Amino acid sequence: MLIRVEIPIDAPGIDALLRRSFNGNGEADLVKALREDGLLTLGVVATDDEGQVVGYVAFSPVAVEGEELQWVGLAPLAVDEAYRGQGLAKKLVYEGLDSLNEFGYAAVVTLGEPAMYERFGFVPAAQYGLRCAWPDTEAYFLIHPLADDALNGVSGLVEYHDHFNREF
């Protein structure tokens, strides 16, 4: 198993993994659109011994109340069904968080299952006065500060790129 930053040759494997993992085209089309528009801050893949993509996590820019603060959103995260339950999602997320920290990013937000993401160090964003645009998501909107001062004086609406609002 190899975990590394995605390269262009990985795109078809990432696409296939996302279509399998999410039983549809939405996440795969989202990542494709983000990639085509240069909006993938970071993509991390896990490949098996044959070089096939079996895990993936993407990070893309987000703004807070219209201001760019070196924050990114984590989405999507996928692990091939045959590799689930082996800690691969954790390894992908940690590799991404470590790289983003090294690059000077301040915080990562995600919309996901709290029981899973809290294990990775995410906490409810609402406790910092942060929210996302989608209704009834407060319990699922989480943040992981990377910089000590990332949350100082910051609150309000965290805005994902318009691609996240499109119907794919």
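**Entry 1**

I began with D80, which counts as buried because its relative accessibility is 16%, where buried means under 20% relative accessible area, exposed means over 50%, and partly exposed lies in between (1.4 Å probe, protein chains only). I note here that this is a predicted model, in which local features need pLDDT of at least 70 and side-chain atom pairs count only at pLDDT 80 or more, while totals for chains, interfaces and linings use all residues. Residues are numbered from 1 along each chain as its sequence is written, and side-chain values use heavy atoms, with hydrogens and water left out.

I then looked up which side chain meets that of D80 in a salt bridge. The partner is R20, at 2.8 Å from N to O; a salt bridge is a side-chain nitrogen of Lys or Arg within 4 Å of a carboxyl oxygen of Asp or Glu. This pair links distant parts of the chain, since D80 is in the loop between β4 and α3 and R20 is in helix α1, 60 residues apart. For the element names I wrote down that helices (H or I, at least four residues) and strands (E, at least two) are DSSP runs, numbered from the N terminus. R20 has 45% relative accessibility, so I list R20 as partly exposed.

**Entry 2: the other salt bridges**

A search of the whole structure gave me six salt bridges. In one of them E6 joins R35, with the closest N and O atoms 3.1 Å apart. E6 lies in the loop between β1 (2-5) and α1, and R35 in helix α2, so this pair ties together parts that are 29 residues apart in sequence. E6 is buried at 15% relative accessible area, whereas R35 is partly exposed at 29%.

I also found a salt bridge between the side chains of D10 and R4, at 2.6 Å from N to O. Here D10 counts as buried at 5% relative accessibility, and R4 counts as partly exposed at 23%. D15, R19 and D29 are linked in a network of salt bridges.

**Entry 3: helix α2**

Next I asked which residues of helix α2 (residues 26-36) are buried. They are A28, D29, L30, V31, A33 and L34, and they pack against α1 (11-21), β3 (53-64) and β4 (67-79). Just after α2, I saw that G38 takes a positive phi of about 70 degrees.

**Entry 4: the nonpolar cores**

I looked up how many residues the largest nonpolar core has, a nonpolar core being a set of buried Ala, Val, Leu, Ile, Met, Phe, Trp, Tyr and Cys residues joined through side-chain atoms within 4.5 Å. This core has 32 residues, and those with the most contacts inside it are Y56, W71, V109, L130, F141, I143 and V158. At least two residues each come from α1, α2, β3, β4, β5 (107-111), β7, β8 and β9 (156-160), and β3 gives the most, with five residues.

For L130 I left aside the neighbours within four places in sequence and found contacts (heavy atoms within 4.5 Å) that include V64, W71, F141, I143 and V158. A second, separate core has 23 residues, among them F59, L77, A89 and Y117.

**Entry 5: aromatic rings**

The structure holds five aromatic pairs; rings of Phe, Tyr and Trp (its six-membered ring) pair if their centres lie within 6.5 Å, and planes under 30 degrees apart count as stacked, over 60 as edge-to-face and the rest as tilted. Why is the pair of Y94 and F120 edge-to-face? Their centres are 6.1 Å apart and their planes stand at 70 degrees, so the pair is edge-to-face. Y94 sits in helix α3 (residues 88-102) and F120 in the loop between α4 (114-117) and β6 (123-124), 26 residues apart. Y94 is partly exposed at 33% relative accessibility, while F120 is buried at 2%.

**Entry 6: two loop residues**

T137, in the loop between β7 (130-132) and β8 (141-145), is buried with a relative accessible area of 13%. A polar atom of the T137 side chain lies 2.7 Å from the backbone oxygen of W134. Not counting residues up to four places away in sequence, T137 touches L111 and C132.

Y83 lies in the loop between β4 and α3, and at 22% relative accessibility Y83 counts as partly exposed. Leaving aside neighbours within four places in sequence, I found Y83 in contact with M1, D48, V54 and L88.

How values were computed: A polar contact is a pair of N or O atoms within 3.5 Å; within protein, one must be able to donate a hydrogen and the other to accept it, and residues adjacent in sequence count only if both atoms are side-chain atoms.
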